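These are my notebook entries on what I looked up in the structure shown below, written for someone who comes to it for the first time.

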Amino acid sequence: MTAMTATAVKATPDAAQPPFRRWSVLPGFGPALGFTLAYLSLIVLIPLAALFLKAAQMDWASIWGVLANPRVFAAFRLTFLASAIAAAINCIFGLVIAWLLVRYRFWGRRIVDALVDLPFALPTAVAGVSLSALMAKNGWVGSFFAPLGIDIAYAPPGIVVALIFVGLPFVVRTVQPVLQDFEPELEEAAATLGADRWVTFIRITLPALAPAMLTGFALAFARAIGEYGSVIFIAGNRPGLTEIVPLLIVIKLEEFDYRGAAVIAVASLLISFALLIMINILQRRLGRHHDRG
Amino acid sequence: MTIEVRNVCKSFGAYQALDNVSLTVADGELMALLGPSGSGKTTLLRIIAGLDQPDSGEVLIHGQDLSKQAVRDRRVGFVFQHYSLFKNMSVFENVAFGLRVRPRQQRPSDAEIKRRVDELLGLVQLDPFAARYPAQLSGGQRQRVALARALAIEPKVLLLDEPFGALDARVRKELRRWVRKLHKEINVTSVFVTHDQEEALELADRIAIMNLGEIEQVATPSEAYDRPATQFVSEFLGFANRLTCHVENGIARFGDFSLPTEFDNYAGDAVAYVRPHEIGLNRANGHDIARATIDSIVALGPTARVDLAYGEQRLEVLVDRERLTELGLVVGDPCAITITRAHVFRGT
Amino acid sequence: MDRRDRPALRDPRWARGAIFVGGIGFLVLFVVLPLATVAVEAFAKGFELYLHALNDPDTISAIQMTLTVAAIAVPLNCIFGVAAAWAFGKFEFRGKTILLSLIDLPFSVSPVIAGMVFLLVFGLQGWFGGWLREHHIKIVFALPGLVLATIFVTLPFVARELIPLMQEQGTEEEEAARMLGAGGFRIFWSITLPNIKWALLYGVLLCNARAMGEFGAVSVVSGHIRGLTNTLPLQVDILYNEYNMVAAFATASLLAGLALITLAAKSFLEWRYADQLALTRR
């Protein structure tokens, strides 16, 4: 009788006070969650905490001293600006490619679809060396721009090119499923009401895709801010001109200025998190009528 | 304005959705396309709207061939099954959409647009909801917004695809009456698709009954029920007992009894459809022509459904319960039956 | 019904042309041409020099180093991914959402920062720097550092494929097995694993590609010691900076080949097991 009661109590936890976890017959929750948390802490959380602690050891004056440096400021401006431009270009062409893959049928569509993921699979160093060879004055693409006096490689446009490459799949992959599921009847309804394709796209289709595009933009932007491998080969890395934030961190580390590196790293992380939160809020406002429909 | 569909064929791959379909809808008429799923009714509606291209044949609205005209130039009001309201626009903007997208020269002024939209929202009784978004409306309200939006372009014809399909039974009934009233008021030639025969019988001036890509019969509701043109219509519309018989010299014989038919020159097997209320029931008295046994009696309000075993066949009969009490019949009793009317078709 | 048969959805001819040219052109410029460049530059001086460039002892040791790092990092992240998916996919508990977002954290941290945090912990000036030196244990500028940095950047890959899938699949099958008396490992081997194997393979594939190709994070912790702590991507960097183009691109071509094989395998999995992967496809 007592044994029965004990089981019953275990099977129906007190409803008034929610338990840490819902009861389940499956074993292994403790070890699995324990291992997950330990692994995550050792690899990610504790080392990241070390970074923030390192930066926190400094007083405000010395933190300001590191960040107010014109070279550091220039690197931040370049990194965020180039990342935003690259993500914006990816936003437009990502939509075009997603449209192409979802709406049209053509020979080789599967190959095109697979190629979109190449930037995820190709090591960034390889992308860096090949893009700089491609965009250099004597490269296949660079040689078209050189006579016009436009340098791509070893100049800011080169950085944008590399960041476009690494961010390319994000918008395509976020917009594609939304476009796939987009009710064709909505566009047909617009057509029966007299709208042409362009008006339908601007007023009906684009607003529905906008939240996904913004998600893709945010992902591409976040990736671009941290990008190192593909950029340093093509950037030229001239202090104050074509030096990006991750490179600046590496330079500080090579000079054994770990504190300076930590300050720059924390600042960069905080700014990008803040921007991502802002994008998230904007996205919610854009999607508010869609979510509930 | 009239709608004329002439010899329209449409196939999707190997599947023949419409097979040489012709149909005329009179000016101001409310026509139902009724049929089971896969009968081609939605395809026909979409072809009239220009949302699908027929493989051959033509569609004329008010005598004008529209085959070559783009959807957006046709001025056809279309209400989609799931309403397809623009989620990012308020109710007002949804209704105003068709006016706002007109070319600049034909576009009404903002004040005129507001007046017209308000008028339409009044017509569909949604004035207080103008500022709401579709996600904030009930199914019935969305349906009415979709209707107002389609009416805003002053369509030549109004087409509705399963207009009540996504609503629950009570709202459906309410909305049906309201649509009937609205149609009387605005009197625009309308076609709606439905698989619900009750809906078609209640709403439509005439019904086109479709099956397997063909139109089986076009008739008023009572005509279609009383004089079904084909076996399919007899079986699809309401319930009918199906009896096999043999026709000779214009007489159909059902084993024990016979009925006159219109087939003067046909001899062979045939199928007869008999409505449950077209079978008479009496106490067996020894001189009956046809005799059956009562299997079960189910009371349905003022009438009762009596299931009979008649030889190998089963028959369903509807009788007044009062009459049943008068006769004093109970389950297991033998009884005499008479068939007052049957629709006989050749073949089996 | 196919979208293309609907006249109201047909884009005007000029738009179709512009989208086709714009989309394909963009991909050619940013994806196909860089790939072609790798191949052309690698074979610029002929096939023999290509082979010769690869037959360099430093390059061979870089290949070994890359394989070693991946051989340690990928299985560890695989175990992590399965454990995390078991905990997050099969159980409901408080704080789940926050923990889930922490798993994705490495994706939003710059690889350079990912490498640098290990310098701060294990480097000479780091928390354990002094203790490690006293005991003659090398972590940064050595294999363990490379492995740690690689694990950091590739940590989410397997977990993020498995968690949504296992959440979607629910617990009914496992519970049924439990009722029939199966033990934990038995349940996992006979019920769960067969249900997730293709998604697991997919995650491993992506994890491996990134592990072998990672540059920024390992660059910070490697110390660039030739023949000792160089991985293939770092070797590309060194050769490129020495203006040894053929060797740099020959080495790069190995990595590009790996990327193409990964893409082909990934596309095959997506095509063959679309239903199982649909949930996780980004």
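**Entry 1: a salt bridge in chain A.** With which residue does Lys137(A) form a salt bridge, and how far apart are the closest N and O atoms? I found that the partner is Asp151(A), and that the closest N and O atoms are 3.5 Å apart. By salt bridge I mean a side-chain nitrogen of Lys or Arg within 4 Å of a carboxyl oxygen of Asp or Glu. I then looked up where the two residues sit: Lys137(A) lies in the loop between helix H7 (124-135) and helix H8 (142-145) of chain A, and Asp151(A) in the loop between H8 and helix H9 (156-181) of chain A, so the pair ties together parts that are 14 residues apart in sequence. Over all chains, the structure holds 40 salt bridges.

**Entry 2: ground rules.** I note that this is a predicted model, in which local features need pLDDT of at least 70 and side-chain atom pairs count only at pLDDT 80 or more, while totals for chains, interfaces and linings use all residues. Residues are numbered from 1 along each chain as its sequence is written, chains are lettered from A and ligands numbered from 1 in the order in which they are written, and side-chain values use heavy atoms, with hydrogens and water left out.

**Entry 3: chain C by itself.** I counted elements as DSSP runs numbered from the N terminus, helices being H or I of at least four residues and strands E of at least two. On that basis chain C has 14 helices and 0 strands. Along its principal axes, the C-alpha trace of chain C spans about 65 × 60 × 30 Å.

**Entry 4: chain C against chain A.** Taking contact to mean heavy atoms within 4.5 Å, I found 95 residues of chain C in contact with 93 residues of chain A. The size of an interface is often given as the accessible area lost when the parts come together. Here the buried area (accessible area with a 1.4 Å probe that two parts lose on being put together, summed over both) is about 8,500 Å² between chain C and chain A, with carbon and sulfur atoms giving 77%. The rule finds 4 salt bridges across this interface, and Arg6(C) forms a salt bridge with Glu185(A), the closest N and O atoms being 3.8 Å apart. I also looked up polar contacts, which are pairs of N or O atoms within 3.5 Å; within protein, one must be able to donate a hydrogen and the other to accept it, and residues adjacent in sequence count only if both atoms are side-chain atoms. Between chain C and chain A, 12 residue pairs are in polar contact, both residues being at pLDDT 80 or more. On the side of chain C that touches chain A, the largest share, 21 residues, comes from helix H1 (residues 13-42) of chain C. That side divides into 65 nonpolar, 13 polar and 17 charged residues, where Ala, Val, Leu, Ile, Met, Phe, Trp, Tyr, Cys and Pro count as nonpolar, Asp, Glu, Lys and Arg as charged, and the others, Gly among them, as polar.

**Entry 5: chain C against chain B.** How many residues of chain C are in contact with chain B? I found 5, in contact with 7 residues of chain B. The area buried between chain C and chain B is about 480 Å², of which carbon and sulfur atoms give 65%. Across this interface the rule finds 0 salt bridges, and 0 residue pairs in polar contact with both at pLDDT 80 or more. By class, the side of chain C that touches chain B has 3 nonpolar, no polar and 2 charged residues.

**Entry 6: an antiparallel sheet in chain B.** Two strands count as paired if DSSP finds at least two bridges between them. In chain B, 4 strands form an open sheet in the order S2-S1-S4-S5, with antiparallel pairing. Its edge strands are S2 (15-25) and S5 (64-65) of chain B, each pairing on one side only. Strand S1 (residues 3-12) of chain B is joined to S2(B) by 7 bridges, and Phe12(B) stands opposite Tyr15(B) in S2(B). The hairpin of S1(B) and S2(B) has 2 residues between the strands, and Gly13(B) there takes a positive phi near 60°. S1(B) also pairs with S4(B), in the antiparallel sense over 5 bridges.
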